[in-house]
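The sequence and structure come before the notes.

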Amino acid sequence: MTDLKIGGVPEHFNYPWYLTLKNKEYTKENINLRWQDYPGGTGQMCKALRNGTVDIALVLTEGIIKDIAAGNPSKIVQTYVKTPLIWGIHVGAKSTFKKIEDLEKATIAISRFGSGSHLMAIVNAYNQGWNINELNFKVVGNLQGGIDALTNGEADYFMWEHFTTKPLVDDGTFRRVDNCPTPWPCFVIAVRNEVLENNFDEVKKVLDIINKETADFKDIDNIDEILAKRYEQKLKDIQKWLKITEWNDGKPMTKNLITRIQNKMIRFNVIEEKKNSGEFIKNMYI
C-alpha cells in the first residue's frame with residue numbers, strides 16, 4: 001500500500017472526496033489515502049505542503065500560485081472546481097457599516113497572510129478603486145476566528161465563501177454587505193514535488209477516481225438534501241450552489257491559464273513579478 005495524505009477545507013466542495021474515501025475506492029488501487037481537514041484554509045495547507053505534513057491539497061488557485069512563486073516545492077496537477085468562488089463580504093450584525101463603500105479604511109479579518117481571505121480582500125479593494133497599500137489586516141486563523149473578531153470589534157469585515165457563511169447570515173451573526181467572485185477557477189489540486197517524483201502513478205490514480213466521482217456528482221439521488229443536512233445549510237441555498245458550481249472534468253491546467261491568472265495577480269498587487277508558467281504545473285496526462 002502507498003500512503004498518501006490529502007487535505008482540504010471541511011466544506012461542501014469536498015464532499016466527493018468523502019464519498020470516494022467512504023467507498024474505499026483508493027484502497028482498491030492499493031493506495032492508503034488519509035484525509036485531513038484544514039479549517040484554516042489555503043494558507044494553512046500551503047504551510048503543510050511546505051513542511052510535508054500533507055502530500056496533496058485542495059487549495060485556492062490564488063493562494064497556491066502566490067506560494068509556489070514564493071518557493072513552495074509543489075505543483076498544480078489540475079483544476080478541481082473550474083467555476084469562480086463567491087466570496088461574501090461580511091460585517092458583524094451590530095456593525096455601523098452598511099455598504100461596500102463604508103469599508104475602505106476598515107480593518108479586515110483574514111485567516112492568515114497568503115490565504116484566500118487575504119488575497120481576495122486585495123482583489124476586492126482593487127475592484128473598488130481603494131489604495132491597496134493602505135489596507136489594514138487582523139490575522140484570526142479561521143472562520144471561528146473571524147466570527148470572534150467581528151463580534152468583539154477587533155476587526156470590521158471578513159471575507160469567506162458565500163454559502164459556508166450563509167447560516168451565519170441567517171442567524172444574525174454576520175450581515176453580508178456584498179459579494180466578490182474570484183476572477184479565475186477557484187480550487188486546484190496541488191501535490192508536493194517529492195510525491196510527484198516518487199508516486200506519480202498513484203497520484204494519477206487518485207485524480208482518475210475523483211474526476212470520475214465529480215463528473216456524476218450532481219446526478220446522485222437527493223444530493224441536495226444530503227449536502228444540506230451534512231453542512232447545516234438551507235436546501236434552497238445548496239440547490240443554488242449546485243447550480244453555479246462546476247467541477248473539472250480531468251483536463252490539465254494550461255500554461256496559458258496560469259499566465260492569465262498571474263497577469264491579473266500582478267495587476268492586483270498580489271504578486272510582484274511573473275514567473276514561467278510552466279513552473280507552476282505538472283501535466284499528469286502526457
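Is Asn-269 buried, partly exposed or exposed? Asn-269 has a relative accessible area of 48%, so it is partly exposed. The model is a predicted one. It holds 2 cavities of 30 Å³ or more, 15 aromatic pairs and 0 disulfides.

**Backbone: positive phi**

- Most residues other than glycine have a negative phi.
- Asn-269 has a positive phi, near 65°, though it is a residue other than glycine.
- Asn-269 is located in the segment after helix 11.
- Asn-30 is not a glycine either, and its phi is positive at about 65°.
- The loop between helix 1 (15-22) and strand 2 (31-37) contains Asn-30.
- Asn-30 has 47% relative accessibility and therefore counts as partly exposed.

**Cavities**

- Rolling a probe the size of a water molecule over the atoms shows where empty space is left.
- The largest cavity contains about 130 Å³ of space.
- Helix 4 (116-128) and strand 8 (157-161) are the elements that give two or more residues to the lining of the largest cavity.
- That lining has 15 residues, and those nearest the centre of the largest cavity are Val-9, Glu-11, Leu-60, Trp-87 and Trp-160.
- By class, the lining of the largest cavity has 6 nonpolar, 7 polar and 2 charged residues.
- The second largest cavity contains about 30 Å³ of space.
- Its lining is made up of Glu-104, Lys-105, Trp-130, Asn-131, Glu-134 and Leu-135.
- Of the residues lining the second largest cavity, 2 are nonpolar, 1 is polar and 3 are charged.

**Largest pocket**

- The volume of the largest pocket is about 340 Å³.
- Its lining consists of 15 residues, with Pro-10, Glu-11, Leu-143, Thr-164 and Tyr-231 nearest the centre.
- At least two lining residues of the largest pocket come from each of helix 5 (143-151) and helix 6 (162-170).
- Helix 6 gives the largest share of this lining, with 3 residues.
- The lining of the largest pocket comprises 7 nonpolar, 5 polar and 3 charged residues.

**Aromatic contacts**

- The search of the whole structure gives 15 aromatic pairs.
- One of them is Phe-113 with Phe-137, an edge-to-face pair with 5.8 Å from centre to centre and 80° between the planes.
- This pair links distant parts of the chain, 24 residues apart: Phe-113 is in the loop between strand 6 (107-110) and helix 4, and Phe-137 is in strand 7 (residues 136-139).
- Phe-113 counts as exposed because its relative accessibility is 53%, whereas Phe-137, at 25%, counts as partly exposed.
- Tyr-126 and Phe-268 have ring centres 4.8 Å apart and planes at 65°, which makes the pair edge-to-face.
- Because Tyr-126 is in helix 4 and Phe-268 is in the segment after helix 11 (255-267), their pair ties together parts 142 residues apart in sequence.
- Tyr-126 counts as partly exposed at 34% relative accessibility, whereas Phe-268 is buried at a relative accessible area of 4%.
- A cluster linked by ring pairs includes Phe-13, Tyr-15, Tyr-18, Phe-187, Phe-217, Tyr-231, Trp-241 and Trp-247.

**Cysteines**

- A disulfide requires sulfur atoms within 2.5 Å.
- Cys-186 likewise is in no disulfide, its nearest cysteine sulfur being that of Cys-180.
- Cys-180 is buried, with a relative accessible area of 3%.
- Cys-186 counts as buried as well, at 0% relative accessibility.

Key. Residues are numbered from 1 along each chain as its sequence is written. This is a predicted model: local features need pLDDT of at least 70, side-chain atom pairs count only at pLDDT 80 or more; totals for chains, interfaces and linings use all residues. Side-chain values use heavy atoms; hydrogens and water are left out. On a 1 Å grid over the protein atoms alone, a cavity is a set of points where a 1.4 Å probe fits but cannot get out, and a pocket is an open set with protein on both sides within 12 Å along at least five of seven lines; lining residues have an atom within 4 Å of a point. Grid points are joined across faces, edges and corners, and a volume is the space filled by probe spheres set on the points. Helices (H or I, at least four residues) and strands (E, at least two) are DSSP runs, numbered from the N terminus. Ala, Val, Leu, Ile, Met, Phe, Trp, Tyr, Cys and Pro count as nonpolar, Asp, Glu, Lys and Arg as charged, and the others, Gly among them, as polar. Rings of Phe, Tyr and Trp (its six-membered ring) pair if their centres lie within 6.5 Å; planes under 30 degrees apart count as stacked, over 60 as edge-to-face and the rest as tilted. Buried means under 20% relative accessible area, exposed over 50%, partly exposed in between (1.4 Å probe, protein chains only).
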